[in-house]
Amino acid sequence: MINGNVKPAEKFVVPIGPQHPALKEPGHFELTIDGETVTAASARLGYAHRGIEKGAESRSYVQTLYMMERVCGICSHIHGTAFSLVVEKLAGVEAPPRAQAIRVLVAELERIHSHLLWVGVGAHEAGFDALFMYSWRDREVVMDILEALTGNRVNYSANVLGGVKCDVTPEAAETILKGVDFLEERARQYLEVVQSDAMFLRRTRGVGTMTREEALTLGVVGPTARASGVTQDLRKDAPYAAYPDFPINVITETAGDLEARFIVRVKETIESCRIIREVLANLPEGELTTRMPRRVKEGEAIVRLEAPRGEVFYYVQSDGTDTAKRVKVRTPTIANMASVLHLSVGHQLADVPMILAGIDPCFSCNDRSVRLTSAHGNDVWTWEKLRQHGIEAYR
Amino acid sequence: MAERPNSGPLQTIIDEITAWSRINSPWAVHFNAGSCNGCDIEILATLTPRYDVERFGIKLEGSPRHADVLVCTGPVTRQARERLVRIYEQMPEPKFVVAVGACALTGGVFQGCYGVCDGVDKVIPVDLYIPGCPPRPEAIIDGFVKLLTALKQAKEGQAA
Amino acid sequence: MSTEERIAEARARLAPFTDAVEEAAPDRLNAPLPVEQLLPAAAALIEGQWSYLTTITGTDLGPEAGEFEVLYHFSSGALVTTVRVRIPRDEPAVPSVCGLIPAASFYERELMEMFGIVVEGTPNPDRLFLPDDWPVGVYPLRKDFDPSEATVVIEKDPAND
């Protein structure tokens, strides 16, 4: 059952700990188990629900740009770029070539940081804290580059409506190239580790396997889909910004298991290094911005970009004012979440943390809780407990 | 620094012994109240070798039941609010709350959105505010050091 | 398939259900159709996995217009084909597409809680994003949403002030 819900009538909550009896413990995930096997799974999101789409209806386009950059602090640039591109489309404006190239440059740097972050988090979920420390230490190189380029380590705000606000000097280019050489070397080492470490492979090889057919039916996107052999990457299928000038290689694997998801992301890191070198070697001259009207004529536009986690979709309606009439954002994590529920069913409870980690979720709450329903009743676990359970099971 | 009301002279002494003995190495619990993760990844970065916040004696703990300091990010979404309050209540006295990032201070760019409470101190008392969007790891550590210094001074003031 | 080829393909697949397909942009088609044609049109578009449902966007045309417009975005390569369904604001209902597209459940849950649109037959009607304490019957993405109807009054413990 793909959406295998726990029907409300079968649920009763037994709160754990010193809580007020009337307070229901809200679970992010609700799993029904039979022994160790998950028989049904459903999700209740909302911990990070801020009301952004509505907020955009009472903010100017410029203000909304700053808000959209903070939909996700890990892939801030892709959201800023998406919103800039969609508003530029509505206004009938094209950012200058140098700006579009710099957008790609920052996007690929962001992809490296996001994938390295995920390698660390994924390793942590499996109990491999050494790999977490190494990958996050290496990630600091990317953070330094981004900070030198844009002024901030996180939420770099490179975009303005109509272009970018940071330029690449020859000195900056030198620094980036050196950094990228280092990162590529490190990525190749991680590739070896994830494919050869016996303990790691026990948690990843053959675990959480999703066939190509399933990936397509479930509408999975990004590296999660590409690990199952789905050759889909918006940078190639629908190139935006400067990607038409800097074509990419789509990285896929066929095994569709967790190991494949690690391999795809590490290989994408290496591919991002290549793209960055290409961009720097062929950076167009010219302006960084083009004039944008404050009021945007009536219309609709859609953009789809390849965020580190997969397809991000923006739909905007304008009405001739300086404020959008409707802004719709669909993040890749929402698209991939259904696959987590589907895959969990039939797997062991101990595999759930890694299955979730495999889609590289916006780990908005390190405080996710899981409500477990079994023949014996109900229980609520913290994510930490579930993670430990997984680590113990594979000892 | 907010005063914490204690309930009885014996409790006061017990609290002091427990708390002040741990001031040199407080245990911190981290809670994300709807943050975009920007602040969270910088907080996590403080644990990594480059910043190594543990050399200042701060340890990130799992359970609120053992924590002295609650480190909170995010504008406090309505869904997270209950959980935040519950975690705060589970922490033993004396306890301190650190709000990290513009959202935790005022709601940040999300101020006024229907899903948020506009900051941590709208929900629980806050002792230290670390501004930034996000604050870099050095700024976060600097904030912690200020907190520890203030606590040490209060401890010395108490002993005097 | 080039984008032009995809446009032709989309038109062919939609021909039995609407003759109002419009090229809004080189990579964007609009296909308004009546709600009864939604399911067969969706089935035609995803047949053979030619396209996939990227998301469902609810829009409120406003209390005066008296309608919602629900947009179903189907993506194939660079082309997005948006099936557009108008429904009355006072009795808003669409059939669930989950029978065809199980992963649509999240999008339908969002549509229901944000607009109060009834999605008939959707497998999970629970709230997805809105908090547990959000008042029933208050739909934030409607144009006439009044934030004061959903304001949380937080009483701080005076002892902690």
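The legends below describe close-up views of a predicted model.

**View 1. The hairpin of S8 and S9 in chain A.** Strand S8 of chain A spans residues 369–374 and strand S9 of chain A spans residues 377–382. The two strands run antiparallel and are paired over six bridges. Two residues separate S8(A) from S9(A), and the pair forms a hairpin. Within this pairing, Leu372(A) stands opposite Asp379(A) of S9(A). In a regular strand, side chains alternate between the two faces of the sheet.

**View 2. Asp360(A), a residue with positive phi.** Asp360(A) is found in the loop between helix H13 (352–358) and S8 of chain A. The phi angle of Asp360(A) is near 55 degrees, a positive value in a residue that is not glycine. Most residues other than glycine have a negative phi. Asp360(A) counts as buried because 28 other C-beta atoms lie within 10 Å, where the cut-off is 20 or more.

**View 3. Val76(B), a residue with positive phi in chain B.** The loop between strand S3 (69–73) and H3 of chain B holds Val76(B). Although Val76(B) is not a glycine, its phi is positive, at about 65 degrees. Val76(B) has 32 C-beta neighbours inside 10 Å and therefore counts as buried.

View 4. Glu93(B) is joined to Pro94(B) by a cis peptide bond, with omega near -10 degrees. Pro94(B) sits in the loop that runs between helix H3 (78–90) and strand S4 (96–100) of chain B. Most peptide bonds are trans.

View 5. The bond between Cys133(B) and Pro134(B) is cis, and its omega is about -10 degrees. Pro134(B) belongs to the loop between strand S5 (128–130) and helix H5 (137–159) of chain B.

View 6. Chain B contains five helices and five strands, in the sequence order α-β-α-β-β-α-β-α-β-α. Of its 160 residues, 48% are buried. Taking contacts in chain B between residues at least 6 apart in sequence, 79% join residues at least 24 apart.

**View 7. Chain C.** Three helices and seven strands make up the secondary structure elements of chain C, and their order along the sequence is α-β-β-α-β-β-β-β-α-β. Along the principal axes, the C-alpha atoms of chain C fill a box of roughly 70 × 30 × 30 Å. Buried residues account for 42% of the 161 residues in chain C. For contacts in chain C between residues at least 6 apart in sequence, 50% link residues at least 24 apart.

Definitions and conventions
Residues numbered from 1 in each chain as written. Chains lettered and ligands numbered in written order. Predicted model: local features only at pLDDT ≥ 70, side-chain atom pairs only at ≥ 80, totals over all residues. Helix = DSSP H or I, 4+ residues; strand = E, 2+ residues; numbered from the N terminus. Buried ≥ 20, exposed ≤ 12 C-beta atoms within 10 Å, placed from the backbone. Contact = placed C-beta atoms within 7 Å. Pairing = 2+ DSSP bridges.
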